[in-house]
Amino acid sequence: MKKVIKTLNLFVLLILIAATIGCDSNNESEADQILRAVLADIGPFQPIQLDTKTLASSVQDGESIQLPFVKKENILTRADVQLTLRNLRNADLTEAYIKDEDDQSFEIVPLEEPATYQGMVVDKPGVAVFTINDQVIEGNILMDPEGWSIIEPIDPLLRQHGVNEADRQVVLKKYNHIAYNVRDRLDTNFNTDADILGGLESPLTTTEAGDEQLVMSAVADGDSDFYRLYPPDSVMPFWLKEEALLNVIDWQFNCIEPEQNEHNSYALCDNDFDGGSNGFQARVRIDRLEVWKAGGPKSTEREALLRDSIRMTHQSDPPCCGEPHTAGRSDLVYFFSGRNLEGGTGVAASVGGLSIYDGCFEEGLPICHHALSQFVPNEEFPATVYFQEILVAHEIGHVVGGEEQINPFPNCWLFDEQCGTNLMGSIGFNTQDVVYLFTEEDAQGVMGPLMQERLSAE
Ligand SMILES: [Zn+2]
């Protein structure tokens, strides 16, 4: 109990500090000036210094914690969240791999303890999905009626924007995270249209949902630029970033069911984070976490990069990846790119390529379990955690059978408090607010049956 109170006081103090910055621009510190200049394109946010060590320790002890929550119009408040560890790793997964094609070698990085959590808001309808360790807090709080607020570490943002070392130090001395409400973002022209490389699986006839928990196994890999954005010695090493993004997918695939059950009882799921039912529920299991340090897939054109990544993630050539080699027969392979891609920000190999391995090497239009997206900003893609999450969910939506919606269907969530474009929309991403949902038609009619057919139960 003592620890909880201590955390609370610390946080109140930090809110006061943050609040005074907003009020008096004449006194704006150098850190604030740098931060606001560098991140001018991502919309309003609150810079924050979080006591990550204390918060991580409380979470590990099973205590509820207070985290910053930003309401619409950039109003900083807070939320109490109760988180449960959600270990996504395959029992055999204890290390990550850094591959070097130039050197024809690879390095092994022992993984730290799992730091992926999911849970609920205390005393209010809402959920929380976070990656939390001694150095970093990244994730989402969704709360009725205040909406969707995100916390993310500043260090990767500074790296993404090429901030020099001196300025980095000035900023990081004062702040380690930002928090923002996703509906406060500036208008962007983010478009995912035409992001399918290959074919389309024919519709399924089976719709029967079993009782067992399905498992969607996943491999995460990334290019050498992604490695430089999320280097192993930083607060957000590549493998942690890969896990953090897959944790948000795992949350969606479990909590999207409208009914609470034994598989999603760690969170408050009966709150319109759905569109699902009839079999749309699976757990993500991570089989491998990898990255290229040098060499590897080279293209900056998204389709060519996907073809490169399919080839190089599958085979044991170059010899650097002879053993261990990579994608195997996992249900999904997601490739994280640190490049500003030509042709668009992401691409999936096909619609409905889930668990299909052999089709990856078909001439012409492959049916295949791969997808990729970029993690670096450009004029239309701010690449904050919010945008990274919706783009990854969109591409994985294609892998599990969702087609592009040029005129996307609206969805509502958060107890019908918020409505907007669902995740498979494309044109709509530029003007409307996205909700982190697939449509009921997709979830029940296409994705659920595909998952029932392709995925194995525990
Ligand atoms: Zn698409």
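Modeller: Proline 47 stands opposite isoleucine 178 in β10. Three bridges join β1 to β10 (residues 177-181), and the two run antiparallel. Strands here are DSSP runs (E, at least two residues) and helices are runs of H or I of at least four residues, both numbered from the N terminus. Two strands pair if DSSP finds at least two bridges between them. This is a predicted model: local features need pLDDT of at least 70, side-chain atom pairs count only at pLDDT 80 or more, and totals for chains, interfaces and linings use all residues. Residues are numbered from 1 along each chain as its sequence is written.

Eight strands form the open sheet, in the order β1-β10-β9-β8-β7-β6-β3-β2, with antiparallel pairing. β1 (46-48) and β2 (65-71) stand at the edges with a single partner strand each, so one side of each lacks a neighbour in the sheet. Neighbouring strands are turned by 25 degrees against each other on average, direction ignored. Helix α7 (residues 238-255) packs on the sheet, touching β6 (116-121), β7 (126-132) and β8 (137-143). The direction of α7 makes about 160 degrees with that of β7. Axes are lines fitted to C-alpha atoms, for helices over the stretch in contact (C-beta atoms, placed from the backbone, within 7 Å). Angles run from 0 to 180 degrees between N-to-C directions.

Now β9. Seven of the seven residues of β9 (residues 147-153) are buried (20 or more other C-beta atoms within 10 Å of a residue's own, placed from the backbone), so β9 is largely enclosed by the rest of the structure. β9 pairs with β10 in the antiparallel sense over five bridges; isoleucine 151 has alanine 179 as its bridge partner in β10.

How values were computed. Two residues are in contact if their C-beta atoms, placed from the backbone, lie within 7 Å. A residue is buried if 20 or more other C-beta atoms lie within 10 Å of its own, exposed if 12 or fewer, and partly exposed in between; C-beta atoms are placed from the backbone.
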